[in-house]
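User: I would like to learn how to read the features of a protein model. Can we go through one together?

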Amino acid sequence: MPNTLKVKRILVSQPAPASDKSPFSELTSKHKVEIDFRPFVTIEGVTVKEFRAQRVDVLAHTAVVFTSRKTIDQFFRLCEECRIAVPEDMKYFCVTEAIALYLQKYIVYRKRKIFYGTATFADLMDVVAKHKDEKFLVALSDPHKPEIQQQLARTGVKYTKIILTRSVPADLSDIDITKYELVACYSAADVKVLHETFATLPEGMIVATLGNATAREALKSGLPVDILAPTPKYPSLTMAIDKYIAALGSGASVEEFGVKELPEPVVAPVVKKTTKTKSASAAAKTSVSRRVAAK
């Protein structure tokens with residue numbers, strides 16, 4: 001891509017920030033760009049009928065895993081509409097502290113029964129794995145990352161999945177995509193909607209993606225991935241976009257920001273420790289028996 005291109009207007013597949021003090025505001029003032037926020041997908045809660053059709057007994061579980069604030073809202077809404085009294089001693093596990101704090105909207109916040117990870121679902125699994133005796137109810141959205149179930153299986157805990165929300169494509173037909181030089185996608189679903197709405201993007205359009213799954217979807221759809229975050233050098237997408245625009249302005253190379261291909265995620269096989277333990281025990285008993293017989 002020629003470095004003569006100047007970014008003047010950016011389309012972001014997210015709702016507008018609630019505060020003026022956001023990384024996007026810094027981008028606007030620093031590079032004199034205009035940023036339009038437009039969610040490419042909307043999140044809807046499942047109906048009571050759909051909730052009941054999953055035949056999941058909430059009260060048969062001792063802990064709930066939340067991956068977002070939306071799933072928290074829908075969990076308590078559906079429990080109320082179905083007249084399910086959530087026990088006060090129910091434990092809650094959240095991907096981040098920010099999501100955990102959101103629980104204060106519905107329960108008395110007590111650190112002794114609320115646990116959270118640092119940033120990702122994998123981080124949270126390290127916490128979940130320390131609570132083997134709990135029966136986990138995992139609140140998810142449809143679609144969700146397939147790695148989630150694989151990571152849950154590796155912990156060895158008892159769990160049940162339940163779908164509480166779904167992603168619905170937004171209508172973007174009123175957007176004139178030619179007005180933008182850069183589009184930022186935050187999920188694989190965003191990429192799908194972008195590709196389905198605009199079969200052909202303007203020549204030279206810069207595509208920024210958050211996460212490898214989003215980048216894979218873009219590449220699969222035939223879209224370029226000019227900017228990818230997080231990376232060790234650029235931990236956030238706004239930081240990567242900032243540095244990319246600066247590099248363009250200075251005439252520097254921008255090759256380091258994007259990717260042309262990504263390997264499929266490698267998931268370690270689930271190891272059943274109990275099977276190994278039993279096999280080892282049986283082998284030991286056989287060995288002892290043989291020694292006794294030899295004597």
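Analyst: We will take the sheet, then the helices, the cores and a few backbone details.
Analyst: This is a predicted model, in which local features need pLDDT of at least 70 and side-chain atom pairs count only at pLDDT 80 or more, while totals for chains, interfaces and linings use all residues. Residues are numbered from 1 along each chain as its sequence is written, and side-chain values use heavy atoms, with hydrogens and water left out.

User: In what order do the six strands of the open sheet lie?
Analyst: Strands of a sheet pair through backbone hydrogen bonds, either parallel or antiparallel. Strands here are DSSP runs of E with at least two residues, helices are runs of H or I with at least four, and both are numbered from the N terminus. Two strands pair if DSSP finds at least two bridges between them. In this model the order is 3-8-7-4-5-6, with mixed pairing. Strand 3 and strand 6 (114–116) are the edge strands, as each pairs on one side only. From one strand to the next, the twist averages 25°. Angles run from 0 to 180 degrees between N-to-C directions, and axes are lines fitted to C-alpha atoms, for helices over the stretch in contact.

User: Which strands pair in the antiparallel sense, and over how many bridges?
Analyst: Strand 3 (residues 41–45) and strand 8 (residues 158–169) do, over five bridges. Within this pair, Ile43 has Ser167 of strand 8 as its bridge partner.

User: What are the parallel pairs like?
Analyst: Strand 7 (residues 135–142) runs parallel to strand 8, and eight bridges pair them. Phe136 is bridged to Tyr159 in strand 8, and Leu137 to Thr160 in that strand. Strand 7 also pairs with strand 4 in the parallel sense, over four bridges, and Val65 stands opposite Val138 of strand 7. Strand 5 (residues 91–94) is joined to strand 6 by three bridges, again in parallel; there Phe93 stands opposite Phe115.

User: Which strands does helix 3 touch where it packs on the sheet?
Analyst: Contact means heavy atoms within 4.5 Å. Helix 3 (residues 69–81) touches strand 3, strand 4 (63–66), strand 5, strand 7 and strand 8, and its direction makes about 110° with that of strand 8. Helix 5 (residues 121–128) also packs on the sheet, touching strand 4, strand 5, strand 6 and strand 7. The direction of helix 5 makes about 150° with that of strand 5.

User: How many residues of strand 7 are buried?
Analyst: Buried means under 20% relative accessible area, exposed means over 50%, and partly exposed lies in between, using a 1.4 Å probe and protein chains only. Six of the eight residues of strand 7 are buried.

User: Which residues of helix 7 are buried, and where do they lie around the axis?
Analyst: In helix 7 (residues 188–197), the buried residues include Asp190, Val191, Val193 and Leu194. They lie on the same side of helix 7 because they cover an arc of only 165° around the axis. The arc is that of the directions from the helix axis to the C-beta atoms. Their cover includes strand 3, strand 8, strand 9 (182–185) and helix 8 (212–220).

User: Which residues have the most contacts inside the largest nonpolar core?
Analyst: In soluble globular proteins, nonpolar side chains tend to be buried together. A nonpolar core is a set of buried Ala, Val, Leu, Ile, Met, Phe, Trp, Tyr and Cys residues joined through side-chain atoms within 4.5 Å. The largest one has 42 residues, and Phe66, Phe75, Tyr92, Phe93 and Leu103 have the most contacts inside it. A second, separate core has 24 residues, including Val33, Tyr244, Ile245 and Val254.
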